[in-house]
Amino acid sequence: MNPAAEVRTDQAAGAPGMSAPSPAVGGPPALEVRGVSLRFGGLQALDDVGFQVAPGERLGLIGPNGAGKTTCLRVIAGVFAPDRGRICLAGQSIDGLPPHRRVGAGLAMTNQIVRPLRSMSIAENVALAWGHRRAGGLLRAFVRAERGPALARARELLARVGIADYADGPASGVPLGVLKRLEVARALALEPRVVLFDEPLAGLNSIEATRLADLIASLTDDGLTVVLVEHNLREVVRVCDRLVVLESGRVLAEGAPATVMRIPEVIAAYVGEEVADARGA
Ligand SMILES: Nc1ncnc2c1ncn2[C@@H]1O[C@H](COP(=O)(O)OP(=O)(O)OP(=O)(O)O)[C@@H](O)[C@H]1O
Ligand SMILES: [Mg+2]
């Protein structure tokens, strides 16, 4: 059986959970990854990976450790150049563009390890990201007239992600849940159309993870498109419209979360228990 083909058929028929518009009907996809391959020495980290994300869709990109999820996000963000393949944002090729030009084109990526500038306040950290995008440079971003508007926008974004109370405090010594929300605010400060999240829920307890997943899911209400790499399958299944499963650098399956989680090859790729847990079994 070819699980990917099977689930794609489901999806075309309008599987439950597909709340986002189909790329074929609603204009170009917000993000398209086509035939992407990347080799690290002897390791084929990505092997002909392709998928599309519709505008306003929440796509979960999952797979076991070492499957190539982070590598795929980094290729999209322009950190790694693929050996082969194409990346399009809203129908426009971004191949060959350096990471900052991709940010300018509407792409933001969050990192699993949040590293704020600890000598600055939480608001200043967000203001820096906003100013960087606006003023096109770190120094210009943070001197003179840019500082006021940047801090005002930072406060709005901190309120949006639910940590307004921390705005003027230092970025050091705050709980992990606050740091994670700061990372979301910094990504939003780049005024993206597509946000790539790399394991944002890692390290959080289940209540915090659910709340952060709700926040990430709510970003599509603001017109954003979300790609969520996560090992917390329960939350991915709960908040995503569609899943793409990577294994050993290849797309193993794609489709509606509940359908994908029942594919034997997907269950086998994981420990099994995790999948059963996500299905509420
Ligand atoms: N810069 C690099 N140089 C060499 N090999 C790398 C590099 N980055 C990743 N790899 C390898 O590529 C493979 C895919 O790694 P990647 O980090 O993309 O996996 P992942 O799906 O994100 O895994 P995890 O769930 O553990 O984060 C792994 O075997 C990894 O060791
Ligand atoms: Mg990873």
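What is the strand order of the open sheet of 4 strands, and is its pairing parallel or antiparallel?

Modeller: This is a predicted model, where local features need pLDDT of at least 70, side-chain atom pairs count only at pLDDT 80 or more, and totals for chains, interfaces and linings use all residues. Residues are numbered from 1 along each chain as its sequence is written, while chains are lettered from A and ligands numbered from 1 in the order in which they are written.

The order is β2-β1-β4-β5, and the pairing is antiparallel. Strands here are DSSP runs of E with at least two residues, and helices are runs of H or I with at least four, numbered from the N terminus; two strands pair if DSSP finds at least two bridges between them. The edges are β2 (43-53) and β5 (92-93), each having a single partner strand, so one side of each lacks a neighbour in the sheet. Between β1 (residues 31-40) and β4 (residues 84-89) there are 5 antiparallel bridges, with valine 33 opposite isoleucine 87 of β4. Helix α2 (residues 69-77) packs on this sheet and touches β1, β2 and β4, its direction making about 65° with that of β2. Contact requires C-beta atoms, placed from the backbone, to lie within 7 Å; angles run from 0 to 180 degrees between N-to-C directions, on axes fitted to C-alpha atoms, for helices over the stretch in contact.

Strand β9 (residues 242-247) is largely enclosed by the rest of the structure, because 5 of its 6 residues are buried (20 or more other C-beta atoms within 10 Å of the residue's own; 12 or fewer is exposed, in between partly exposed; C-beta atoms are placed from the backbone). Strand β3 (residues 58-62) pairs with β9 in the parallel sense over 4 bridges, and isoleucine 62 has valine 245 as its bridge partner there. To strand β10 (residues 250-255), β9 is joined by 5 bridges, running antiparallel; leucine 243 stands opposite glycine 255. These two strands form a hairpin with 2 residues between them, and serine 248 in the turn has a positive phi of about 50°.

Valine 245 also touches Leu252, Val260 and Val266, among others. Val245 is one of the residues touching the most other members of the largest nonpolar core, which has 83 residues. Such a core is a set of buried Ala, Val, Leu, Ile, Met, Phe, Trp, Tyr and Cys residues joined through C-beta atoms within 7 Å.

Technical notes:
Contact = placed C-beta atoms within 7 Å. Lists of a residue's contacts leave out its neighbours within four places in sequence.
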